[in-house]
Amino acid sequence: MSVFSKGDKIPMDAGRDAVVISDGVLGSGGQGEVYVVRFDGSDYALKWYTSERILENKDAFIDNMRENVIKGAPTSKFVWPIRMTKEYKGSFGYMMNLIPRNYSSLSDILRTYKISTLPDGSSQRVRVGFNSLDPMVIASLNIVDSFRALQRSGYSYQDLNDGGFYIDTVTGDVMICDCDNVAPDGKNLGIRGKPGYMAPDVVTNESLPSPNSDKYSLAVVLFKLFMRGDPLEGKKVCSCVVLTGSAELKHYGTDPLFIFDPNDRSNEPVPGIHNNLIKNWKLYPDYIRDAFTKTFTSGLKDASCRVIPNEWFKVLSRLHSDIAVCSCGYQGFYDASAGFSCPRCGKTLPVMDVDGLSLALFKDRNLYFDQVVDRDSGSFFKVVGKVVENRERPGLMGIKNLSGSTWRVTYDGTNWKDVPGDHGAALIDGMEIQFGEKINNLTKVLTGKVKG
């Protein structure tokens with residue numbers, strides 16, 4: 001039975017009450033229950049703790065959360081505690097912003113559906129997932145970028161798992177919740193993590209959760225997002241009829257083995273059980289597989305070998321640039337050494353080289369600031385252009401300028417024409433585009449050369 005009902009008042013530390021306006025809980029888990037409340041005329045989510053483990057250590061937990069409220073979130077991606085409740089009914093809680101309805105939990109995305117409540121109170125399964133590679137890779141970049149900011153702020157998340165992420169599957173935007181477990185590096189509040197996401201040294205109690213274990217957990221999140229499987233659940237785990245506590249300790253703590261370990265195939269994926277995982281592993285480029293292999297082989301025992309967020313951001317930025325989508329519907333990744341020839345229909349995509357970066361050009365491809373204007377800007381998520389199809393001449397593709405600045409284009413290498421903002425240029429073999437934008441009164445210019 002829920003702790004609160006609609007209309008109940010919960011005293012806040014501001015001296016005013018938050019009023020429960022939801023019929024039942026918004027969500028619940030091992031730590032507590034979440035309600036929709038109204039406070040000072042606005043609606044929020046309020047988490048109320050029921051976990052005995054947290055209540056046994058509540059003074060330290062409350063002190064840490066109050067510090068986090070004062071310091072504020074590292075970035076806007078974090079659904080951060082914004083106000084504490086008073087202690088009430090033997091427990092306490094905190095208030096945070098509501099997550100918009102168009103965001104789906106990573107848990108639901110991995111399961112491929114979520115349960116939606118209809119107006120009549122009944123429920124139904126609703127399919128959730130990404131329609132293309134682009135928003136999925138953008139989501140991974142948002143996740144990694146957020147954890148770069150978290151670690152730079154001196155924090156460790158300590159309970160990183162699929163339940164902590166909500167994603168807009170259309171845009172790839174990410175919101176990170178369950179931020180009440182976040183603590184300064186070197187401080188632990190008794191939270192160890194979720195099975196399957198904990199680093200082996202945390203599973204065996206050799207180490208407490210820290211930025212080092214966060215690196216491992218982050219790699220698990222990315223692996224599950226891309227490969228749709230667990231990095232350690234292969235043949236050995238499948239052979240266990242019942243995964244007992246001692247078996248879990250062995251497989252995830254004392255004797256973990258990566259399912260794609262290049263030197264030991266005894267825990268490899270099982271055809272018929274791990275078909276999607278086997279297919280997805282082959283889809284991704286070597287540099288992505290190498291990053292996972294590093295973390296899940298030598299990084300299983302040696303935390304210094306785990307890929308750090310900065311490294312992940314670099315390889316994922318490259319992955320995003322390498323996305324290629326054929327008009328026949330096939331999606332994959334462009335190989336600059338071989339060119340992109342669609343394995344389904346054989347068509348070769350035109351490619352634009354921008355100062356050594358090769359971008360396959362296909363309908364609806366977004367061009368980002370970091371790709372075509374300034375590689376060192378850190379503005380990866382800013383769209384400045386898009387590949388579009390001519391409305392009057394189907395099949396004729398062009399590049400539309402969405403930057404607000406003027407570009408220049410030439411088709412003969414000599415005569416240059418201006419392409420103002422919100423205008424486009426026909427995509428033709430041999431064309432050159434100068435992408436320019438003023439940064440601190442200096443104009444950055446990179447030139448893209450199109451082939452094919």
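How many cavities of 30 Å³ or more does the count come to? In this predicted model, the count comes to 1 cavity of 30 Å³ or more, and about 70 Å³ of space lies in the largest cavity.

**The cavity**

- Rolling a probe the size of a water molecule over the atoms shows where empty space is left.
- The largest cavity is lined by 14 residues, and the closest of them to its centre are Gln158, Arg192, Met198, Ser213 and Ser217.
- Helix α6, which covers residues 211-227, gives the largest share of this lining, with 3 residues.
- Sorted by class, the lining of the largest cavity is made up of 6 nonpolar, 4 polar and 4 charged residues.

- An open sheet is formed by 3 strands in the order β8-β12-β13, and their pairing is antiparallel.
- Strands β8 (104-105) and β13 (174-176) stand at the edges with a single partner strand each, so one side of each is left without a neighbour in the sheet.
- Helix α4, made of residues 133-152, packs on the sheet and touches β12 and β13, and the direction of the helix makes about 40 degrees with that of β13.
- Strand β12 (residues 165-167) runs antiparallel to β13 and is joined to it by 3 bridges, and for Phe165 the bridge partner in β13 is Ile176.

- Strand β22, at residues 407-410, pairs with strand β23, at residues 416-419, over 4 bridges in the antiparallel sense.
- The bridge partner of Thr410 in β23 is Trp416.
- Between the strands of this hairpin there are 5 residues, and Gly413 takes a positive phi near 80 degrees.

- Leu357 has its place in strand β18, which covers residues 357-360.
- Is Leu357 buried or exposed? Its relative accessibility is 19%, and because buried means under 20%, Leu357 counts as buried.
- When residues up to four places away in sequence are not counted, Leu357 touches Ser321, Met352, Gln371 and Arg375.
- Leu357 and Arg318 lie 39 residues apart in sequence, while the distance between them in space, from C-alpha to C-alpha, is 8.9 Å.

Notes:
Residues numbered from 1 in each chain as written. Predicted model: local features only at pLDDT ≥ 70, side-chain atom pairs only at ≥ 80, totals over all residues. Heavy atoms only, no water. Pairing = 2+ DSSP bridges. Helix = DSSP H or I, 4+ residues; strand = E, 2+ residues; numbered from the N terminus. Contact = heavy atoms within 4.5 Å. Axes fitted to C-alpha atoms, helices over the stretch in contact; angles between N-to-C directions. 1 Å grid on protein atoms, 1.4 Å probe; cavity = no way out; pocket = protein on both sides within 12 Å on 5 of 7 lines; lining within 4 Å. Points joined across faces, edges and corners; volume = space filled by probe spheres on them. Nonpolar A, V, L, I, M, F, W, Y, C, P; charged D, E, K, R; others polar. Buried < 20%, exposed > 50% of the residue type's maximum accessible area, 1.4 Å probe, protein only.
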